[in-house]
Amino acid sequence: MRFSCSLGNTGQLCAKYGKQVVRHNSTDGGSLPQQARVVVCGGGVIGTSVLYHLTERGWNDVVLLEQGRLSCGTSWHAAGLVGQIKAGIAESKLAQYSRELYKKFEEEGHATGWKQCGSLSVARTKDRLITYHGIVTRGKLLRIGAELITPSEAKKLAPIIRDDDIEGALWTPSDGVVSPSDLVATFARLARKNGGEIIEGCRVENVLTKNLRVDKVQTNHGTIECEYFVNCAGMWSHQLARYMTQTKKIRVPVHPTEHFYVVTKPFGIDNMLPVIRDHDGQIYMREWSGGLLAGGFETVAKPVFHDMVPKDFEFQLLPEDWDHFQEQLQAVMHRIPTFKDAQLRHMTNGPESFTPDGKMVFGEAPEIDNYIVATGMNSQGIMMAGGIGRATAELIVDGESSVDLWQHDVKRFLDLHNNRKFLKDRVTEIVGKHYLLNYPLSDHITSRNLRTSSLYSCLQACGAIYGQSCGYERPMWFDCDSDNVLESDRSFLYQTDLTFRKPVWFDAVREEYMACRQGVALIDMSSFTKFELKSAGREVVDFLQRLCSNDVDIPVGHVIHTGMQNYHGGYENDCSIVRMAENEYFVISPSIQQTRCMKWLRRHLPEDGSVNANDVSSMYTSLNILGDKSRDVMSRLTESSMLPADFPYFRCRVIDIGYATGVIALSISHAGELGWVLYIPNEYALHIYNRLLDVGKHYGIKHAGYLALRSLRVEKLFAHWGQDLTPATTPLEAGRAFRVKFDKDFIGKEALLHQKKEGVCKRLVQLQINKHDLENDIWPWGGEAFYRNGKLCGTATSAAYGYTLNKQCLIGYVHDTDEETGQLRPIENDFILKNAEFEVEIAGKRFPAKALIYSPKLVSMTTATSQYTATQPWSRN
Amino acid sequence: APPRHSCPKLTPRQVSNIIRQNDVTAEPDSRCAVKYFEYNQLAANHPIEDRRAEAKCLKTPGMLFGIFDGHGGTACAQAVSERLFEYVAVSLLPQDVLEDCSRAMKSDALPFDLLEWYRNDADYTNIELAGVYRRSLERYIDETLSAMDVDEFDMAAALEMAALRLDADIGHEVLSSGGGGERMHVNLESLEAAFSGCTACVAHVDGPHLHVANVGDSRAVVGYLDDNDAWAAAAMSRDHCAENADEVARVRAEHAVEERHTVIKSERLLGELIPLRAFGDFRYKWSKATLQSMLADTRQSRLLIPQHYASPPYLTARPEVAYRRLTARDKFLVMATDGLWEQLDSEKVVRLVAEHVSGAQTLDPYVTHKEPITFGEVNGGLLARKTGLANRAVDTNVASHLIRNALGLTDRGVDHGKLSMMLSLPAEVTRNFRDDITVTVIYFDGDYLAHN
């Protein structure tokens with residue numbers, strides 16, 4: 001079941017052009033058609049795969065333009081590894097599909113060089129094994145067999161490896177390798193056979209738009225009218241987007257870096273040797289013509305082509321840098337002792353494109369309609385090509401891809417990510433992160449301290465340890481004991497502080513948590529996305545009613561939580577909406593929604609311009625003041641009445657605080673506690689902060705950070721967009737049907753009604769682990785497998801220690817898989833609540849757990865507050 | 001290379017002591033385009049035949065820096081290092097100042113100083129000939145005054161004039177002295193200067209205006225940051241030697257076609273002299289008749305007339321002058337005698353100075369030097385380079401840093417064994433392995449250049 005809407009009215013537009021080929025007269029570069037439905041720019045493995053998949057869907061009025069020759073940029077020197085189980089489920093699904101496709105090609109007689117030699121990853125440490133457990137779990141969910149094996153079993157599979165220093169290994173027998181050049185040629189040949197056209201030596205010079213929609217593509221051989229433009233230009237994609245778009249530059253934050261591998265002369269390597277990865281040594285190896293190909297992902301990489309990719313950089317390599325590669329070379333010789341005596345055939349240093357977060361750049365550009373981006377593969381282009389090609393074709397043909405790729409969506413970026421200096425510095429780190437141990441809460445160390453709240457320095461002086469979200473520094477927790485709080489690098493978590501076990505901040509966050517419940521605490525939440533929507537009359541109400549699944553026609557001064565559903569009924573966004581006036585709303589969304597949500601609003605805004613949407617995120621400093629004593633503190637801060645009768649839950653008042661005016665105060669806390677979030681015009685922030693500390697000290701006010709907030713919300717089963725709520729999950733699945741008003745029209749209603757009738761196949765639950773040894777057991781951090789009566793039934797999307805329950809709490813979806821078909825079956829609440837024994841598996845060890853579908857009743861510390869729960873209707877009084 | 005086992009090993013400290021014994025850092029006493037400068041000299045000849053000089057012009061703005069590579073003795077280099085800056089200073093003077101100078105020179109009572117020298121206690125001046133030098137300079141001032149050109153001042157022409165006049169005076173002081181035995185007695189020193197020779201490379205820095213006048217095969221290079229913020233070398237001189245095709249063509253054009261193969265033979269002037277321009281060396285400048293009479297008078301076998309001496313002069317002290325307008329991206333000027341450039345090219349020198357400033361150090365890219373090669377061998381080579389980098393000797397003086405690299409650099413970094421060998425060669429063979437080295441590095445004041 002698919003709904004083809006999110007790219008606009010696809011079907012109608014397509015009818016505009018028939019397959020009527022009119023050609024430019026051109027001497028070189030072949031003859032260029034005057035029009036095509038889709039112009040794909042870039043003849044690497046991604047572009048040719050996109051073209052192939054479009055033609056497979058019956059779209060044969062499509063043309064691929066390559067400025068040089070097919071595969072001449074990066075694809076031709078790729079190592080060709082095809083590993084399926086990746087860091088996330090979505091990209092694993094893409095790689096899984098790629099592997100099936102390449103295997104099928106090979107079986108049908110199309111050359112790809114596919115060889116199912118399996119892959120073997122060795123763990124040098126116990127911590128590495130923990131991450132391999134996660135891979136095994138994802139493999140189980142996707143039905144890709146992967147197992148943990150002993151060092152001696154690993155040695156049997158790959159006798160050339162040294163096994164005396166490893167803790168274990170991961171064996172994925174269905175993985176393999178391909179020959180990248182063959183693969184590109186096969187995609188190209190099949191696409192041509194299906195009617196797609198490929199023109200080499202044709203350079204895109206400008207993408208012309210009409211009403212901010214793709215209209216024409218100008219090339220050095222003439223102009224093509226088209227509906228869609230797909231940027232698969234790899235290392236050129238950034239400059240193509242930045243400089244070669246008529247109306248405005250498009251953000252494609254991709255930066256090439258140097259990537260190194262060496263190839264040996266033949267020395268009797270078995271043709272079916274598994275791909276060997278030694279993540280701790282930051283290296284990979286595969287068989288290559290009887291020898292080995294060995295490459296690495298070094299800790300600090302070398303960015304290249306910062307200004308521009310040189311003209312005519314085709315089938316070219318970068319200068320060798322042996323000194324830079326030495327540590328990886330050493331690691332290869334360590335893992336494969338005979339490598340020392342192998343003879344050098346050549347070293348390859350070729351450019352590969354990386355992104356600010358190591359995820360791909362995919363989807364429709366927020367700046368221009370029908371401008372599709374599929375690039376920034378972070379050295380995974382060959383593995384991803386099949387899947388991303390299919391996803392791109394689906395996005396164009398169906399309006400969206402079957403695998404939800406929101407984490408890879410180009411709309412996750414802000415302008416700052418496209419800053420060339422930011423990119424250059426950041427990618428030095430991204431390359432190494434590909435293999436380095438990814439501990440919970442590990443953050444980037446480059447390109448930091450960019451977006452900061454007005455209170456950044458004040459909080460830093462109080463020991464704030466910051467984490468970055470969308471370039472914004474947010475206090476994670478406060479290290480009050482540390483002597484060296486003023487040392488600038490102490491405001492980030494040390495690498496040595498990172499662990500899979502009990503974290504260093506455990507006790508400090510308990511204090512913060514307790515203040516948030518029993519006392520009073522202060523959290524700087526300035527990074528949230530904030531929009532103002534207005535109209536002259538009721539247009540803004542009608543507009544938001546259509547976008548939101550909850551009823552937003554609330555009285556002025558009221559606040560409501562609502563989802564914005566997509567056409568599937570999934571969460572496009574989850575936000576708080578404040579009615580400031582009859583014709584004015586204030587909308588608060590997660591930080592990562594800034595670009596995405598604005599694009600969603602703009603796409604649906606009335607064409608007559610009657611509704612005005614404005615991003616005011618940077619205008620306000622947001623302070624969350626929460627805890628049982630927050631009402632007392634607030635009462636002393638302002639002359640406005642804070643009495644429950646005058647300022648109940650879910651209300652908004654514009655108040656004066658100290659000498660400051662125009663502070664928007666919302667009686668919500670995002671944590672299910674009594675509290676207020678203040679939206680303070682930036683210039684008053686310091687004044688109010690100082691007042692707050694002054695008044696608050698009599699009540700023992702404490703600084704708190706996002707870790708305390710996470711503990712509060714996970715313990716209460718509050719779902720967060722981007723973790724527990726995604727475009728692929730619906731309010732019915734998340735247990736938030738009470739926030740959906742079916743008595744009005746809204747986007748996604750049809751899908752939700754359908755789902756209501758058919759039943760949901762997954763359900764958001766909270767699992768509380770009963771017997772977890774905080775000191776000695778590995779902690780849950782998200783991604784852990786859930787078992788129901790011994791059968792895998794889901795994974796955690798969030799995890800935190802609940803300081804009131806004194807238990808590890810996990811949020812995640814459970815489902816019921818049909819063993820034979822692999823399909824999910826609809827489930828009722830009883831599937832969770834009756835005759836069900838749940839377990840959580842953490843790093844291979846299973847813990848019995850209690851499952852809840854409603855927020856647990858936490859013992860209230862005082863009787864002063866009635867408790868708000870996220871999973872049940874809140875009755876407005 | 002000589003067998004290493006025959007050379008006594010020096011300790012790292014001994015090596016550093018030898019390298020650093022002449023290094024000096026100095027800075028101008030008032031704010032100008034020159035932030036500070038560092039120099040050093042290492043001898044291969046005993047005694048060293050290189051000279052250097054640094055001074056501030058007192059009557060006009062600007063500073064002068066010079067390096068002088070002597071040959072056939074030290075006399076010419078010594079004389080030029082003492083005298084050339086005064087000739088340059090005179091050439092730069094406007095008419096009114098020149099008149100004051102002329103008056104001052106004639107009266108011993110008036111103070112007369114064209115230059116403020118930056119000398120160290122190892123430098124010396126020739127007291128015996130001071131009077132001769134002064135008379136020549138006085139004459140130069142007077143003649144300049146009478147020939148004063150009212151046309152626009154031309155810096156390149158002024159520098160050329162100064163050099164040529166000094167060279168002419170060096171010759172003149174021998175020829176014009178009195179007669180008989182007395183002449184021999186008085187002017188033996190002058191004769192030494194005229195018999196021997198030297199190259200000269202002189203930089204004049206006045207605000208953002210950098211002029212370099214070069215005679216011979218020393219070299220000056222500006223290190224600057226290019227548009228991509230990468231270090232680059234801008235040549236401020238061209239080597240006047242047989243490898244410079246323009247220079248060879250110039251010399252050949254000045255003589256008859258028949259002399260084509262004799263005027264430069266075996267990459268030397270008349271088969272004898274390596275630099276194609278030089279001060280002194282009147283054996284290649286004077287007429288045959290003059291040389292013959294000199295030979296008769298002095299019985300100096302050094303004045304034997306060279307073979308194929310058909311159309312003198314063969315040699316000139318006319319400098320080539322280069323100009324560069326300095327910007328804040330121009331960071332330093334390196335001047336050095338050929339002893340440095342034989343070991344390091346301009347780009348490498350700029351890189352070494354730049355890395356010395358930043359504290360980083362890099363090597364030339366590693367290249368696999370044989371085929372076939374195993375990865376074990378490659379890795380061994382790479383590890384040796386890492387050790388070389390880790391063990392890098394840190395000379396605070398950049399001129400010492402350059403000299404250390406010139407003598408000790410290998411593809412694994414500076415190698416102590418090689419340094420030790422180069423610095424402990426027996427005196428009689430030293431000159432076969434290395435030349436005298438003089439290095440002066442002038443750091444520009446970027447802020448000053450940006451705002452003036």
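Before you count anything: helices (H or I, at least four residues) and strands (E, at least two) are DSSP runs, numbered from the N terminus. With that in hand, select chain B, where you'll find 17 helices and 17 strands. Chain B has a radius of gyration of 23 Å, close to the 22 Å that the globule rule gives for 452 residues, so it is as compact as a globular protein of that length. (That radius is taken over C-alpha atoms, and the globule rule is 2.2 Å times the number of residues to the power 0.38.)

A word on what you're looking at: this is a predicted model, where local features need pLDDT of at least 70 and side-chain atom pairs count only at pLDDT 80 or more, while totals for chains, interfaces and linings use all residues. Residues are numbered from 1 along each chain as its sequence is written, chains are lettered from A and ligands numbered from 1 in the order in which they are written, and side-chain values use heavy atoms, with hydrogens and water left out.

**Stop 1: chain B as a whole**

Stay on chain B and zoom out. Its C-alpha atoms fill a box of roughly 75 × 55 × 45 Å along the principal axes. Buried residues make up 53% of the 452; buried means under 20% relative accessible area, exposed over 50%, and partly exposed in between (1.4 Å probe, protein chains only).

Now colour by charge. Chain B has 48 positive and 67 negative side chains, and the centres of the two sets lie 5 Å apart. Here Lys and Arg count as positive and Asp and Glu as negative, while His and the chain ends are not counted. Each charge is placed at NZ of Lys, CZ of Arg, CG of Asp or CD of Glu.

**Stop 2: a covered helix**

Select residues 416–423 of chain B. This is helix 15, and it is mostly covered, with six of its eight residues buried. Which residues of helix 15 are buried? They are B:G417, B:L419, B:S420, B:M421, B:M422 and B:L423. Show their surroundings and you'll see them pack against helix 1 (12–20), strand 2 (34–42), helix 14 (398–408), strand 16 (413–414) and helix 16 (427–433) of chain B. A contact here means heavy atoms within 4.5 Å.

**Stop 3**

Most residues other than glycine have a negative phi, and most peptide bonds are trans.

- Pick B:H46 and B:P47: the peptide bond joining them is cis, with omega about 0°. B:P47 sits in the loop between strand 2 and strand 3 (50–57) of chain B.
- Go on to B:E371 and B:P372, where the peptide bond is also cis, omega near 0°. You'll find B:P372 in the loop between helix 12 (346–358) and helix 13 (375–390) of chain B.
- Click B:D229, a residue other than glycine with a positive phi near 60°. It belongs to the loop between strand 8 (219–225) and strand 9 (231–235) of chain B. Is B:D229 buried or exposed? Exposed, with a relative accessible area of 53%.

**Stop 3: B:V257**

Next, jump to B:V257, in the loop between helix 8 (245–253) and helix 9 (260–263) of chain B. B:V257 is exposed, with a relative accessible area of 65%.

**Stop 4: over to chain A**

Switch to chain A, which holds 19 helices and 38 strands. Its C-alpha trace spans about 80 × 65 × 55 Å along the principal axes. A compact globule of 877 residues would have a radius of gyration near 29 Å, and chain A agrees with its 28 Å. Of those 877 residues, 63% count as buried.

Zoom in on A:F650, in the loop between helix 15 (630–637) and strand 28 (652–657) of chain A. A:F650 has a positive phi of about 60° although it is not a glycine.

Chain A averages 92, and 93% of the residues score at least 70. Now select residues 1–21 of chain A: pLDDT stays under 50 there, and the model has 48 contacts beyond four places in sequence for them. Residues 25–29 of chain A also stay under 50, with six such contacts.

Note on methods: pLDDT is the predictor's confidence in each residue, from 0 to 100.
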